[in-house]
Amino acid sequence: MSTHLAAGTAGTTDTAEPATDRTVVGENLSLPLFRTLSGVLAGHPYLKVVVDREENVWHLLDTGAHPFHVDYVATKVLGMDLAALDARLDAFNASVYTDPERRFLLGVLSLHTEREDGRERPFLVLETTEADTMHGDMLTFFYEFVRARVDSRLPLLLKPANHGQEEQLAAISEQRVPRILGHELFGSRERTPLNPGDATGRLRFFRTAEDYRAAEFGLGWTDIVAMPCLPDDVPRVAGFINTAPITPLSHTNVLASGWGIPNAIVRDLEQLVDQDGLDGAWVRYRVDEDEISLQRLDHEPDLRAPAWHQQRIRLEPPLLEDAPVLSLHRLRGSDRDRYGTKAANLGELHHVLDSRTVDLTSYYGRPRPPRDDLYGHLAARLGLTDFNAEQLRSRAAEFVAEAVGAPEGVALPFELQQRFLASSPALQQGIGKLKMALELDAVDVLDSLCLHLQHLIRHTPVPEAVTRQIEQAFPASAAPRGRLVVRSSSNAEDLPGFSAAGVYDSVTTVHGTGELLDAVRQVWASLVSPRSVRLRHQVGISLDDTYMGVIIQEYVPASLGGVLVTCNPTRREDFRNVYLNCSPGSPEQVVDGTVLPQQYLYNTVEGGGRTVALGSWGQGLSAAVRARLGDLSLTGRLLQSHFSGTDVDKPLDIEWLMTERGDFRLVQIRPYAL
């Protein structure tokens, strides 16, 4: 049995190039002709169209023969050769996508179905590319031109491709231009890929969280876990399947990405499980941009342990000499071996914003064939016309410093945790027992030893000298009625092959000195939680090498918060877009799955953004706020040039908030594992 599930997101055509070009010019479009010319994109038949306003005619492109509108217009209509087109590609794109007096209008017709009175009813959707800047009159002309040439029995809706088109259409009657928004078209889709991958394993389907908890300790690397919403503490397994909607930026999908395992939303999985007897069956599970498939196997496969079973991650030697408590703005990225990765990255962010001397343009200097670079696009985003490299770098640094701020706060070094642990014989004894259990691989006692050690850490008094250093360091605003946020900053997170997203604790409601010490001990204790110890042990990270720093930040009330990743998580080859999730209030609601966030894609090359989903809210953000989020997205892309090191294509994962005054603060910045 093989179950193939349409993905419902953008992908590539599955149509092979035919022997002959069946493109037609000037004909009206019937459903049979549509099917003859179309390819399949994201599980839906689609057809490229070109409207020539000068000749008052349209071209219906054979999808297999002409995968790109621009190539067709240049070579088949204007008589150019591809070399000439490549030499002036950006200028040519501007002439067909952004010129307000353009001759050619480029679009896509896709075929969808809806249920009405128990019957499936087909309808067509017309849209442009996301970078297209058609104004309202042009969108109306485009729709009416196509409407007049499509079989009148097929309903036709216009889907605005970006926020600019949405705003232009707002002044136009829906009777004149019927429309559908992207989140309306795909918001109720049954299946959505979250993280691509391929796995063979045993499907374990849990209808409730209680069912999962009863079986979780028996889960292993051969299992594919399926349930409505996977918990953040799910162990490392072969694959994930969610039957309820989640975001690509949830903790569990960040884990799936970091672990390189497939993950998808399959909302009708329960029906498939009952129909085909999949629970407990051995299956091959595959997720890509176009398709999700579950193929039942007729026998237990001969599986080899995955690479991560033999993977051994080596940590930089931690430095435990006397290190002061430091303000975040005094740290740099190289301080990760004394204060942990999170604290060091925030210190580096302070440096970038304060110095304004760091080159933030190198992502745009990477060749994107046939383009030598994207510097011209970046200059346009930054409002520059004539520019040289120095001016572009200067303006990029200014833009980032004006757009975002870094949190104020202090970092506690590993050395304070070490002094605390060394102060108690009971703690030393507990650590010794845990080390022995790990050496003997005594998994049956591991959890109880971890929980006992965590209890000891939370209740052992902090030495007076350590307490004094912490009390003297935390900000003056943390008076008895003030509020602080205490975050983990370990040397065993945000590593290549080991992200540890959501593994260690943060405490966000801290008031006064007493609660501060309790929160610090809770963060220290999270280093030896059963889950964190197991995950590190699986990849060979020794308990002896693992330390926890602590970040203490002032709490900043937020009107909006979320997560930004400088890539499109479901389309790895997309170098233009970044993915942004947000919800009213703190970023924690986005990453912990408390709410379904609003989801947006922003194009950091040609500009513009579009709404992917409204989540738990009935309406989107205002145009002004969405424009601000566009600036935030471009800022994330620019920071990628610096924080990704020598490989500027490595994306970042950024937690952010918008203060009640409307300023952006970045509260965490780390690599996003792909």
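This is a predicted model: local features need pLDDT of at least 70, side-chain atom pairs count only at pLDDT 80 or more; totals for chains, interfaces and linings use all residues.
At what angle do the axes of helix α2 and helix α4 cross? Select residues 69-77 and 89-97: the axes cross at roughly 95° and come within 11 Å. The two helices are therefore roughly perpendicular (65 to 115 degrees). Axes are lines fitted to C-alpha atoms, for helices over the stretch in contact, with angles from 0 to 180 degrees between N-to-C directions.

Residues are numbered from 1 along each chain, and side-chain values use heavy atoms, without hydrogens and water.

Next, show H69, V70, V73 and A74 of α2. They meet L89, F92, N93, V96 and Y97 of α4 (contact: heavy atoms within 4.5 Å).

Move to the open sheet. Its 7 strands run in the order β17-β27-β26-β22-β23-β24-β25, with mixed pairing (at least two DSSP bridges per pair). Strands β17 and β25 stand at the edges, so one side of each has no neighbour in the sheet. Now select 652-659 and 664-671: 7 bridges join these antiparallel strands, β26 and β27. D653 stands opposite R670.

Last stop: F420 in α17 and W524 in α21. Their ring centres are 5.0 Å apart and their planes at 25°, so the pair is stacked (centres within 6.5 Å, planes under 30 degrees apart). Both F420 and W524 are buried (under 20% relative accessible area, 1.4 Å probe, protein chains only).

Methods:
Helices (H or I, at least four residues) and strands (E, at least two) are DSSP runs, numbered from the N terminus. Angles under 35 degrees count as roughly parallel, over 145 as roughly antiparallel, 65 to 115 as roughly perpendicular and the rest as oblique. Rings of Phe, Tyr and Trp (its six-membered ring) pair if their centres lie within 6.5 Å; planes under 30 degrees apart count as stacked, over 60 as edge-to-face and the rest as tilted. Buried means under 20% relative accessible area, exposed over 50%, partly exposed in between (1.4 Å probe, protein chains only).
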